[in-house]
Amino acid sequence: MSWGLCGAALTAALATPAAQAVPGERHGPGWTLTETGTDARFRGLAAVSSRTAWAAGSKGTVLRTTDGGRHWRDVAPPGAAEAALEFRDIEAFDARRAVVLAIGEGDASRVFRTDDGGTTWTESFRNTDARAFYDCLTFFDSRHGLAMSDPVDGKFRILSTADGGRSWKVLPTAGMPDAQAGEAGFAASGQCLVSSGSKDVWLATGGAASARVLHSADRGLTWTATESTIPAGDPARGVFGLAFRDRTHGIAVGGDYRADQASPNAAAVTGNGGRSWQQSTTAPPAYRSGVAWVPYTRSTALAVGPTGTDLTTDGGRTWRTVDTGSYDTVDCTPDGGCWAAGEKGRIARSA
């Protein structure tokens, strides 16, 4: 059973605290936890199919499964654990080819690529600017991709690749709007930079007076910025995750990541490619960091955060909680499978 087939039938939440989660058991109407053998926190997730997925997380951890999560193999780049790299985003083209991003100030921000399922990796980028802090990456296809850094000299910095992540160059900033004071991206789910189609890409921000979504229709050369309806005004608030099912229909999620702070109006929708955003009528009840459209539907999506998973069946206008397990990111696949990942080594697949 997948959410792609039964989204309209999902109803009440089932309360299963993260501490009581048992691998192999169903938690809520759709997630089955898998045994990862680690307590790393996974904020990077690349779901290739219902059988193949990659996850990237803390302590220099990168895992891969090719059997639906029954077995996970540690395929991290050599030395990543010793260097305590914080992997926060991973993009995979198939079971063998993937690109992973480590975040942090200065040379902690790095990009690696593998062509053999993680047996070997090549470091293709290491940040040398102490002012830069890379948060997310995205690919339009197997060759063209972007990565984004928090503002440098008052503007978000964009890296570009045209060879599948084997080499990168910094794009000019002439077409990038000025950043607000304190504005940055959140490296919380690998979804602060997302793309749809061959040229459209969106960048999510927070930490400033307003939480904005920036859009480029030319692979990152020129951008327009639009205020979202998600509350900001604090370094802990803003848009944390984006998902677009095509170049016009998108969902933004976020809020305040502090557990003791409320997160009203934590979701918004657009039907015009991000030129304007409308607040969800019934938003998720708390901060959400990840969001994904369910394949083969026009209006079903999932949002996840530390306090649960929410489902929408009307394109993001209304949400209801369907699981209370802790997850940071979610991704769905062309063959109808969905995966979620988060703290304490938690990785789940749709049942």
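# Reading strands, cores and charges in a predicted model

Analyst: Strands β12 and β13 pair in the antiparallel sense over six bridges, where a strand is a DSSP run of E with at least two residues, numbered from the N terminus, and two strands pair if DSSP finds at least two bridges between them. This is a predicted model, in which local features need pLDDT of at least 70 and side-chain atom pairs count only at pLDDT 80 or more, while totals for chains, interfaces and linings use all residues. Residues are numbered from 1 along each chain as its sequence is written, and side-chain values use heavy atoms, with hydrogens and water left out.

User: Which residue stands opposite Met148, and what do β12 and β13 form?

Analyst: Met148 stands opposite Ile158 in β13, and the two strands form a hairpin with two residues between them. Asp153, in the turn of that hairpin, has a positive phi of about 55 degrees.

User: How many residues of β12 are buried?

Analyst: Buried means under 20% relative accessible area, exposed means over 50%, and partly exposed is in between, with a 1.4 Å probe and protein chains only. By that rule seven of the eight residues of β12 are buried, and the strand is mostly covered.

User: Why is β9 described as largely enclosed?

Analyst: Five of the five residues of β9 (residues 110-114) are buried, so the strand is largely enclosed by the rest of the structure. Arg110, Phe112 and Thr114 point one way from β9, Val111 and Arg113 point the other way, and all are buried. Strand β8 (residues 98-105) is joined to β9 by five bridges in an antiparallel arrangement, with Ala102 as the bridge partner of Arg110, and the hairpin of β8 and β9 has four residues between its strands, including Gly106 with a positive phi of about 55 degrees. Strand β10 (residues 122-126) also runs antiparallel to β9, over four bridges, and Thr122 in β10 stands opposite Arg113.

User: Which residues touch the most other members of the largest nonpolar core?

Analyst: In soluble globular proteins, nonpolar side chains tend to be buried together. A nonpolar core is a set of buried Ala, Val, Leu, Ile, Met, Phe, Trp, Tyr and Cys residues joined through side-chain atoms within 4.5 Å. The largest one here has 27 residues, of which Met148, Ile158, Leu193, Leu203, Trp223 and Leu242 touch the most other members. At least two residues of this core come from each of β12, β13, β15 (193-196), β16 (200-204), β17 (212-216) and β19 (237-244), and the largest share, four residues, comes from β16. Apart from this core lies another, of 15 residues, among them Ala56, Ile90, Phe112 and Trp121.

User: What is the nearest side chain of opposite charge to Lys155?

Analyst: Side chains of opposite charge can pair when their charged atoms come close. Lys and Arg count as positive and Asp and Glu as negative, with His and the chain ends not counted, and a salt bridge is a side-chain nitrogen of Lys or Arg within 4 Å of a carboxyl oxygen of Asp or Glu. Lys155 is buried yet has no salt bridge, the nearest side chain of opposite charge being Asp178, 4.2 Å away. A polar contact is a pair of N or O atoms within 3.5 Å; within protein, one must be able to donate a hydrogen and the other to accept it, and residues adjacent in sequence count only if both atoms are side-chain atoms. The side chain of Lys155 has a polar atom 3.2 Å from the backbone oxygen of Thr173 and reaches the backbone oxygen of Met176 at 3.3 Å.

User: Where in the chain are Arg237 and Asp256?

Analyst: Arg237 forms a salt bridge with Asp256, the closest N and O atoms being 3.1 Å apart. The pair links distant parts of the chain, with Arg237 in strand β19 and Asp256 in strand β20 (residues 250-256), 19 residues apart. Arg237 counts as partly exposed at 27% relative accessibility, whereas Asp256 is buried at 1%. A search of the whole structure finds 18 salt bridges.
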